[in-house]
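Thanks for coming. I will go through one structure today, part by part. Please have a look at it before I start.

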Amino acid sequence: MITDEDAVRPFRLAVPQGELDELRLRIARTRWPDEPPGAGWSYGVAAPYLRELAEYWADGYDWRAHEAALNAFPQFTTTIDGQNVHFLHVRSPEPDAVPLILTHGWPSTVHDFTGILGPLTDPRAHGGDPADAFHVVAPSLPGFAYSGPTTGPGWGTRRIAAAWAGLMRRLGYRRYGAQGGDFGAIVSPELGRVAPEEVIGVHLNAPPNASAPLGAEESALLSADERARAEANARWWQAHSGYATQMATRPQTVAYALNDSPVGQLAWNLEWFVDHDPVATRQSLPSWDAVLTDVTAFWLTGTAGSAARLYREIAADGWGRPAPSGIPTGVALFLGDRAIRTLAERSNTVTRWTAYDTGGHFASLQAPEQLVADVRAFFRTLRRAGRADLSVPGPTVRA
């Protein structure tokens with residue numbers, strides 16, 4: 001018997017025009033701060049860059065185009081553990097497709113996946129092998145955009161992973177893969193620990209908890225090259241971690257500003273997208289439209305503060321490295337990410353590790369073709385090994 005709590009409800013994004021008009025007015029009325037002469041990005045987000053981007057947001061950016069892009073895919077909401085959960089559910093036309101749950105990070109939303117859903121679900125139509133097809137489920141993290149806000153504390157990694165396992169069961173998937181980047185690269189391995197009999201494999205990009213040793217014991221395990229990289233990682237993080245420290249300790253304090261000033265929210269999120277030298281690192285920056293779509297989604301749903309709480313909730317879970325689940329794990333390391341294989345192997349059963357000299361932290365935006373190819377290659381080995389013995393009925397939907 002399906003109860004109201006279990007119901008899967010169709011969702012379609014339709015923002016009232018008045019909310020978009022108000023957003024433009026708020027951008028135009030921004031009270032701009034000064035900045036030190038010649039500061040560039042050394043003190044934080046550079047004012048000239050932000051002003052130009054804000055002008056485009058107010059006068060050139062087309063939210064309706066990105067709203068329509070998301071609405072091109074089937075979307076649903078359901079209630080899990082008392083929390084609203086929004087998700088995309090895109091079924092492949094291929095009968096032997098493997099179910100795959102994608103998890104985004106911060107400050108991302110499911111909008112980041114619109115460019116890879118087609119190639120993943122219908123490789124035949126995108127120049128790929130139909131044997132590599134996936135049925136894709138892509139939830140919005142609790143507290144983020146269309147899932148938010150969270151209705152209570154405690155939504156850390158383990159609880160999210162348990163909710164994802166419940167979602168996949170609700171959709172009728174008993175065996176499936178998991179993929180995630182950034183915080184999604186914390187949730188996805190945890191899903192393998194929560195549901196080891198259901199998860200056939202885990203694929204990660206941008207794993208955030210494999211870049212620095214946790215004490216002398218782990219440091220001793222590193223090679224000289226890895227130790228030098230870990231030290232460089234620590235120096236980099238010291239210079240860039242202010243936002244994370246704030247959100248992992250006092251997220252409510254910054255929430256007032258994020259929820260009241262669209263340009264303030266844009267600056268807070270923008271630093272993680274573009275605070276680097278793209279020439280030196282050879283990264284392809286996410287497009288302005290991609291950045292603004294994520295920020296606009298947070299603004300329109302009033303969830304910038306709720307999303308920030310995820311840092312505190314995950315900090316409460318602990319930043320340690322739990323034992324591996326035994327689930328085969330593939331890692332795609334794109335340019336600019338700092339994971340170290342020895343540390344990743346402390347909590348994952350790594351069976352594939354591929355380093356790329358292009359891309360960036362937001363792989364679905366910065367290296368979509370390479371990300372899709374790596375996901376296909378990793379799960380192809382599991383299909384051949386017979387791990388993907390799957391039953392994939394469709395979801396029960398209540399209008």
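Helix H5 is followed by Gly172, whose phi is positive, near 90 degrees. A word on where this comes from: the model is predicted, local features need pLDDT of at least 70, side-chain atom pairs count only at pLDDT 80 or more, and totals for chains, interfaces and linings use all residues. Residues are numbered from 1 along each chain as its sequence is written, and side-chain values use heavy atoms, with hydrogens and water left out.

Helices (H or I, at least four residues) and strands (E, at least two) are DSSP runs, numbered from the N terminus. The expected span of a helix is 1.5 Å times one less than its number of residues. For H5, residues 157–170, that gives 20 Å for 14 residues, and the end C-alpha atoms are 20 Å apart, which agrees. Buried residues in H5 include Thr157, Ile160, Trp164 and Met168. Here buried means under 20% relative accessible area, exposed over 50%, and partly exposed in between, with a 1.4 Å probe and protein chains only.

Next, two buried polar residues. His89 sits in strand E3, residues 83–90, and its relative accessible area is 3%, so His89 is buried. Its side chain makes a polar contact of 2.6 Å with the side chain of Tyr173. A polar contact is a pair of N or O atoms within 3.5 Å; within protein, one must be able to donate a hydrogen and the other to accept it, and residues adjacent in sequence count only if both atoms are side-chain atoms.

Ser147 is in the loop between strand E5 (134–139) and H5. With a relative accessible area of 0%, Ser147 is buried. What lies 2.7 Å from a polar atom of its side chain? The backbone nitrogen of His86 does, and so does the backbone oxygen of Ser140.

Now helix H10, residues 251–260. Its buried residues are Pro251, Val254, Ala255 and Leu258. Seen down the axis of H10, they fall within an arc of 120 degrees, so they line one face of the helix; the arc is that of the directions from the helix axis to the C-beta atoms. On the other side of H10, Thr253 and Tyr256 are exposed. The buried residues pack against helices H9 (242–249), H11 (262–274), H13 (288–301) and H14 (304–317).

Last, confidence. pLDDT is the predictor's confidence in each residue, from 0 to 100. The protein chain has a mean pLDDT of 92, and 93% of its residues reach 70 or more. Over residues 391–399, pLDDT stays under 50.

How values were computed: Contact means heavy atoms within 4.5 Å.
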